[in-house]
Number of protein chains: 2
Amino acid sequence: MICVLAGGVGAARLLTGLVRVVDPAEVVVVANVGDDVVLHGLHISPDLDTITYTLADQVDPDRGWGLRDESWQAMAMVGRYGGVDWFGLGDRDLGTHLFRTHRLGEGATLSEVTAEITRAWDLGLTLLPVTDDPLRTRVTVVDPDAEREVGFQEWFVQRRHSVPVTGLRMVGDDTARPAPGVLEALIGADAVLVAPSNPLVSIAPLLAVPGVADAVHARRDRTVAVSPIVAGAALKGPADRLMVDLGHEASVVGVARLWHDLAATLVVDDADAGLAEAVREEGVEPVVTATVMRDPDTAAALARTMLGAVGVTV
Amino acid sequence: MICVLAGGVGAARLLTGLVRVVDPAEVVVVANVGDDVVLHGLHISPDLDTITYTLADQVDPDRGWGLRDESWQAMAMVGRYGGVDWFGLGDRDLGTHLFRTHRLGEGATLSEVTAEITRAWDLGLTLLPVTDDPLRTRVTVVDPDAEREVGFQEWFVQRRHSVPVTGLRMVGDDTARPAPGVLEALIGADAVLVAPSNPLVSIAPLLAVPGVADAVHARRDRTVAVSPIVAGAALKGPADRLMVDLGHEASVVGVARLWHDLAATLVVDDADAGLAEAVREEGVEPVVTATVMRDPDTAAALARTMLGAVGVTV
């Protein structure tokens, strides 16, 4: 069984490759919920949905999030009323949030609803929110000249992650409990893969749930991460800038430092071959390969390399 | 100033006529919220929306409710998940519910949100929910062989109002307060018009709000109702069957008995001319005219007749 620690877009791409090289029934994905937000009364889980839509081959290929064949009639009406329309919710996408919100209102857990949604798309794998409890990433931004703490999506979407960040905090990390199956998956996995997701706002919230970091650390030798930083830059999103803002080095070496306790092995891109030795000096074994996932085939090759690094041959 | 007591479709049609014969700025509509429902986490106000959409010339002409040029992408997704899809929410319509729910979540009152929505559609008139407090109609149905109390929409939409009803109850009618402007409109109106709405589930909830019935009764001489029952049948909806189920006569005489304390005058259709004397014997002055509103012109003629009955000439 393979356990994957996952954020959104980067993780979704890795998973499209992984399910080509192993039976999806053997895959358990532990996904971030720190980005979740309640908007217009609806519970929105962006990372869970990005993974689901991508694996269902429903993701919009241009945006990388949201659904293909999407329409925007509801948001146009919200805009007419002068309402909050900075968080784009397509009409099809809204159906997912309506269903999730209704089921949560009936008392279902986020895990249960997520299982229902992934079943409807015949994903085959197991997708688990890291916790069923509220866990929310809060971001301290400089906005525009005073510091102010805002919700993750207010930073990421409303401000287009273009303002300096001076702090991050996970609200609920003292009381959140791992969702059913999360610790079991980490403990029982033949390999734990850390997706090329933002270390600070996608992977860190997973580790913030009490018990999860300990479980991953205990499996450090079977854990392989892939760097979301390639040649000093994030392929997508603000990971590079955020790392610098918060005092980290935006490089594979910086990633190795952040994930030292997490993973014995770090896959870095060919572009960073020159930094492999520096990664090793951080106590993390580097594996150099092509990490940019242009399509499911390159994603499958990356997944195969990651599994091979811990002796799982496929 | 003209005050109109309103349910949904029938009231909306009367209003399309009324705003042709008087300045919309002189019209205050007091609308039912007993049909309101929270579904998928969204606050839905069917009667407020039917009035708004109709006056904005946005209502779907075939259905009589909901919006024209509507699409159903969100509900199709809810259906894919096996979710609750018996209450059809179009994509455009959802925008209204998203906005309303968001504003209520911010602490706005239903009156305030309704004003924002009607302003966005340039309605010109004042549309007031009868109360900003929760008031919900509950229906005891025979389902299929045992009595069971359900929410209004579970009876009206989910069961297509096709099951016998043995009771009605307004939850919240002990604590609901009239929304700002409601009593003032009733007290100050030159004429109070009771739309041809269901007496038991559209008009009764208005009167159930403490203070409203007293205010209407005090204006009985200036109040003109139009019968929603024509020739023993409701033009739309289950008013006739519901009246019989609950021990009332489904005729203009039955309506006169129900509304005796409310209105000194009852407009009945030409088809019921033969019952005019029986209406008068109930202590209500009948006015016989064409009441079936086929279009805004016939609605305007009806509105003019109603106003004329209390000496308001237009």
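**Ground rules**

I am reading a predicted model, where local features need pLDDT of at least 70, side-chain atom pairs count only at pLDDT 80 or more, and totals for chains, interfaces and linings use all residues. Residues are numbered from 1 along each chain as its sequence is written, chains are lettered from A in the order in which they are written, and side-chain values use heavy atoms, with hydrogens and water left out.

**Entry 1: H40 in chain A**

I went to the loop between β3 (37-39) and β4 (42-44) of chain A, where H40(A) is found. Its phi is positive, about 55°, although H40(A) is not a glycine. I noted for myself that most residues other than glycine have a negative phi. Is H40(A) buried or exposed? H40(A) counts as buried because its relative accessibility is 2%; the cut-offs are under 20% relative accessible area for buried, over 50% for exposed, and partly exposed in between, with a 1.4 Å probe and protein chains only.

**Entry 2: where the chains meet**

I then looked at how chain A meets chain B. I find 30 residues of chain A in contact (heavy atoms within 4.5 Å) with 30 residues of chain B. The two chains bury about 2,600 Å² between them, 69% of it on carbon and sulfur atoms; buried area is the accessible area (1.4 Å probe) that two parts lose on being put together, summed over both. Here H40(A) turns up again: with Y81(A) and L98(A), H40(A) supplies 27% of the area that chain A buries against chain B, more than any other three residues.

Which helices of chain A each supply at least two residues of the side that touches chain B? I list α3 (73-80), α4 (91-105) and α5 (110-120). The largest share, nine residues, comes from α4(A). By type, this side of chain A divides into 15 nonpolar, 10 polar and five charged residues.

**Entry 3: helix α8 in chain B**

V201(B) took me on to α8(B), where V201(B) is one of the buried residues. Eight of the 10 residues of this helix (199-208) are buried, so α8(B) is largely enclosed by the rest of the structure. At the start of the helix, a side-chain oxygen of N198(B) comes within 2.9 Å of the backbone nitrogen of L200(B).

A cis bond joins D143(A) and P144(A), with omega about -25°, and another joins D143(B) and P144(B), with omega about -20°. P144(A) is found in the loop between β6 (136-142) and β7 (147-151) of chain A.

My last stop was D57(B), in the loop between α2 (46-55) and α3 (73-80) of chain B. D57(B) has a positive phi, near 55°, and is not glycine. D57(B) is exposed, with a relative accessible area of 52%.

How values were computed
Helices (H or I, at least four residues) and strands (E, at least two) are DSSP runs, numbered from the N terminus. Ala, Val, Leu, Ile, Met, Phe, Trp, Tyr, Cys and Pro count as nonpolar, Asp, Glu, Lys and Arg as charged, and the others, Gly among them, as polar. A polar contact is a pair of N or O atoms within 3.5 Å; within protein, one must be able to donate a hydrogen and the other to accept it, and residues adjacent in sequence count only if both atoms are side-chain atoms.
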